[in-house]
Amino acid sequence: MRFYRRHIVPLRLLSGTALSLLLMGATVVPRISAKVLAQKRPSRGMLTSHSSDRVSTEAREMVEVAGETVCNERVRDPKGSVPIDDMQSRPSLPVDSPEAVAGARRAQRLLPLAQRLVVASLRQLTRDYNLTGTKGQDLKIQRAVARVEAVRDVRPDVDSRDNASVLMRNPRTIIFGTIFLAGLPSDEGIISVLSHELVHIADGSQDNLKLLFRAVGNRASFLTGLKIRDQRAEELTCDLLGTLATRSYVTATPSYEALPQRISRSLEHNCVDSDEGDEDHLSPRDTIRAILFLRPALSRELVYGR
Ligand SMILES: [Zn+2]
């Protein structure tokens, strides 16, 4: 059973109490079971070795250039997101600090929009993967949508630091660490992470999106040569839908800002120096690559600006 979802958990920085709570959750099946990203495993590095025979050289190069674009945009952008390894090294941020207050307001304001965007992106993605049309599957998608629509608020939380999470016994609230809120100073960055958590909520303890996670994981494994199953597939799908929801937001809210800059904000928190994944998560930079492999159109927009 899954009651507790973590976006990212910097295990080594957690307090003793939080750590034991998490470990308890990860090993037995208590009231709160946890999904943990320890971020201790060494990076798997580039994806080229296994994917070379499945993906053209041009496609791989496009992904690499688009990924570099994301992280270059981050550096130039006054509203660029802080990479999660940088967030992890920062001291805790009080709820009433100006950046946390601004971030919490932004997240609460954008929540209804993120909910609509996630529902639309979820419906589209299930169609893309031919997962609609059977009664049982359609019912699961309906349940997932209802769960997304039932979310009511965002709760800023000091102890969650650079994480966002959802307690499955309270699926109407997204808990958002204050460091994370402050580290995502754009609407696009916040929508991406809100959407990620909304997808966990959509799946719920009934595994409403199990087939979608599996389909995305299989496709991403094929394209990247990485093993992306089970929780890894779920996390990647959450990130993919976060990016797709953000892309829709960019279309819905035209501005003078350049397209690559705005798209990049949905992925920039993954532009880490310390690129480590674990059993449940691809490394942050592999996450960027996997999403770009899955959405070549996004790569082209990042590289060509249109
Ligand atoms: Zn997650």
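User: How many helices and strands does the protein chain have?
Analyst: The model is a predicted one. Both kinds of element occur in the protein chain, and the count is 13 helices and 4 strands.

User: What percentage of the residues in the protein chain is buried?
Analyst: The protein chain has 306 residues. A residue counts as buried when 20 or more other C-beta atoms lie within 10 Å of its own. Buried residues make up 51%.

User: Among contacts between residues at least 6 apart in sequence, what percentage joins residues at least 24 apart?
Analyst: The contacts considered are those in the protein chain between residues at least 6 apart in sequence. Of these, the share that joins residues at least 24 apart is 75%.

User: In which direction do β3 and β4 run relative to each other, parallel or antiparallel?
Analyst: Strand β3 (residues 164-167) is joined to β4 by 2 bridges, and A164 stands opposite F176 in β4. A hairpin of 5 residues connects β3 to β4. The two strands run antiparallel.

User: How many residues of strand β4 are buried?
Analyst: Strand β4 spans residues 173-177 and is mostly covered. Of its 5 residues, the number buried is 4.

User: Is R161 buried or exposed?
Analyst: R161 is placed in the loop between β2 and β3. Although R161 is not a glycine, its phi is positive, at about 50°. Because 23 other C-beta atoms lie within 10 Å of R161, the residue is buried.

User: Why does D207 count as partly exposed, and what is its phi near?
Analyst: D207 has 13 C-beta neighbours inside 10 Å and therefore counts as partly exposed. Its place is in the loop between α8 (187-203) and α9 (210-224). D207 is a residue other than glycine with a positive phi, near 55°.

User: What span does helix α3 reach from its first C-alpha to its last?
Analyst: Helix α3 runs over residues 57-76, which is 20 residues. At 1.5 Å a residue, 28 Å is expected. Its buried residues include M62, V63, A66 and V70.

User: Which residues are in contact with V118 beyond its neighbours within four places in sequence?
Analyst: V118 is one of the core members that touch the most others. With neighbours within four places in sequence left aside, its contacts are V148, S195, L198, V199, L241 and A245.

User: Is D239 buried or exposed, and which residues does D239 touch?
Analyst: D239 lies in helix α10 (residues 230-252). Since 27 C-beta neighbours fall inside 10 Å, D239 counts as buried. Its C-alpha atom is separated by 9.9 Å from that of A290, 51 residues apart along the chain. Not counting residues up to four places away in sequence, D239 touches H196, T287 and I291.

Notes:
Residues numbered from 1 in each chain as written. Predicted model: local features only at pLDDT ≥ 70, side-chain atom pairs only at ≥ 80, totals over all residues. Buried ≥ 20, exposed ≤ 12 C-beta atoms within 10 Å, placed from the backbone. Pairing = 2+ DSSP bridges. Contact = placed C-beta atoms within 7 Å. Expected span 1.5 Å × (residues − 1). Core = buried A, V, L, I, M, F, W, Y, C linked by C-beta atoms within 7 Å.
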